[in-house]
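Please open the structure in your viewer and keep the selection panel handy. This tour goes from stop to stop, saying what to select and what is there.

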Amino acid sequence: MMKSLFSSLLLVSVLFMNSFSEVQGKKWQGEGTTLNLESIVIGRCYDYIRIVNPAVGEKNCSKIWEAFKNAFIDKDPCSILPKDYELFINLSFHAIPPNKSLFWENNHLLVNSFADRGRRYMSLANTLFGYLADFLNWCGQANSTGLDYESCPTTEECENNPVESFWRIASTTYAQHSSGVIHVLLNGSAAGGAYPEPGFFADYEIPNLQKDKISEIVIWVVDDIEGPDRESCGTFTVEILENRLKKLGYDVTCTDNYKSVMFLLCPDHPDDSKCALSSSAPAAQRGPISSDRGGSWDGLMFVSFAGFLFRLDLVY
C-alpha cells in the first residue's frame, strides 16, 4: 500500500516538474538569437561608418549596441513595442539622400544587390539603422539579462516581438525621411501579390511618406527570370497600389521588367531569352568580319598588311 502511494506521488511530482519546466523554458516557433549578436552589430557599425558610408560621420557604436539591446533585454519577448527602439534610432540616424530611396516587397536579395550598399540607391538595409539588423534575429527573456539563443517568437505567435517591432519603427523612420523621386521595386512573380496588404510598405511606409518632399513615385515590377508573370503595371495589386498613390496626390509611373534590374538576375540564368543583350549597331560592327557580313578574312589581311607597309614607309 505504502509502495503504491509512493509511486503515485512520485508520478505526480514528475508530471508537475515537467509542466513547470515547460512553462519556464517555453520554446517559440521562430529561430533563436543570432550567435555573436553583439560582435556582429558593433562590427557592422564600424564597417558602415568607416567603409560603407563614412559621410554619416562619427557614431558611438558601443552606445548604439547598448540602446539596441536595452530595447528588448530582460523583457517579455511578446511585449516589445516600436517606441522601445527610439533611442537606438536616434543614435544611429543619418540623412537619406534625395532621389535615393528604394522601397520594396518580396525582393530582399535583389534590392540589396541593386542598391549596391548605398552606392546606387539607399534602401532601408543601406541606412545605418537598417544595416545593423539586416538578416539578424534576436530576442530576450522576461526576468533575465540573457539572450534567447534557442528560439524567438514569430509574428504569428505575437505581433509585438523584438524583430517585428524593430522593422516597424525602422520602416516608419525611413519613409518619413525619404524625398525627391521615390523608387519602389515589386516582384511580379510573387504568389501573394506584388503589393501585399497587409505589408510593411502598405502599412508603415506609405502612410509616413511626406508628400511635400516627394516629386514622383516610380514603380518597377520585375518578374523572376524563370518565374510566372503574375502581375504587371496596371493589373491586380499593382493597380491597387497605383490608384492608392494617385489618390494621395502623387505623380506615379510604372515600368514592367526594368532592364537594369532584370540583368542582375541573369548571372544565374545566362541562357534565358530575357537575358539576351540587344544592340542597334549594324551586324558587321558587332561580330567578326566574314564573307556574309560585308567583308572577308582575305580582305582584312590585305588591309592590315597595306597599313603596315604604309607605316613602315613613313618610318623609313
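This is a predicted model: local features need pLDDT of at least 70, side-chain atom pairs count only at pLDDT 80 or more; totals for chains, interfaces and linings use all residues.

Residues are numbered from 1 along each chain as its sequence is written, and side-chain values use heavy atoms, with hydrogens and water left out.

**Stop 1: the sheet**

Helices (H or I, at least four residues) and strands (E, at least two) are DSSP runs, numbered from the N terminus. Select strands S3, S2, S7, S8 and S9, in that order: they form an open sheet of 5 strands with parallel pairing. Two strands pair if DSSP finds at least two bridges between them. At the edges you will find S3 (122-123) and S9 (252-256), each pairing on one side only.

Now bring up helix H5 (residues 108-115), which packs on this sheet and touches S2 (101-105), S3, S7 and S8. Contact here means heavy atoms within 4.5 Å. The direction of H5 makes about 160° with that of S2; axes are lines fitted to C-alpha atoms, for helices over the stretch in contact, and angles run from 0 to 180 degrees between N-to-C directions.

**Stop 2**

Zoom in on S7 (residues 180-187). Is S7 enclosed or open to the outside? S7 is largely enclosed by the rest of the structure, because 8 of its 8 residues are buried; buried means under 20% relative accessible area, exposed over 50%, and partly exposed in between (1.4 Å probe, protein chains only).

On one pairing, 4 bridges join S7 to S2, and the two run parallel. Select leucine 102 to see it standing opposite histidine 183 in S7. With S8 (residues 214-222), S7 pairs in the parallel sense over 8 bridges. Isoleucine 182 has isoleucine 217 of S8 as its bridge partner, and valine 181 stands opposite glutamate 216 in S8.

Next, pick valine 184, also in S7. Valine 184 counts as buried, because its relative accessibility is 0%. Not counting residues up to four places away in sequence, valine 184 touches Leu102, Phe103, Phe201, Ile217, Val218, Ile219 and Trp220.

**Stop 3: helices H2 and H3**

Two packed helices are described by the angle between their axes and the distance between the axes. Select H2 (residues 37-52) and H3 (residues 61-70), whose axes come within 9 Å and cross at roughly 135°. That angle makes H2 oblique to H3; under 35 degrees counts as roughly parallel, over 145 as roughly antiparallel, 65 to 115 as roughly perpendicular and the rest as oblique.

To see the contact, show Leu37, Glu38, Val41, Ile42, Cys45, Tyr46 and Ile49 of H2 together with Cys61, Ile64, Trp65 and Phe68 of H3. These residues divide into 10 nonpolar, no polar and 1 charged. Ala, Val, Leu, Ile, Met, Phe, Trp, Tyr, Cys and Pro count as nonpolar, Asp, Glu, Lys and Arg as charged, and the others, Gly among them, as polar.

Stay on H2 and select aspartate 47. Aspartate 47 counts as partly exposed at 22% relative accessibility. Leaving aside neighbours within four places in sequence, aspartate 47 is in contact with Val52, Arg117 and Tyr131.

**Stop 4: backbone details**

From there, move to arginine 117, in the loop between H5 and S3. Arginine 117 has a positive phi of about 55° although it is not a glycine, and is partly exposed, with a relative accessible area of 33%.

Aspartate 74, in the loop between H3 and helix H4 (86-92), has a positive phi of about 60° and is not a glycine. At 40% relative accessibility, aspartate 74 counts as partly exposed.

Finish at proline 198, in the loop between S7 and helix H8 (200-205). Which kind of peptide bond runs from glutamate 197 to proline 198? The bond is cis, with omega near 0°.
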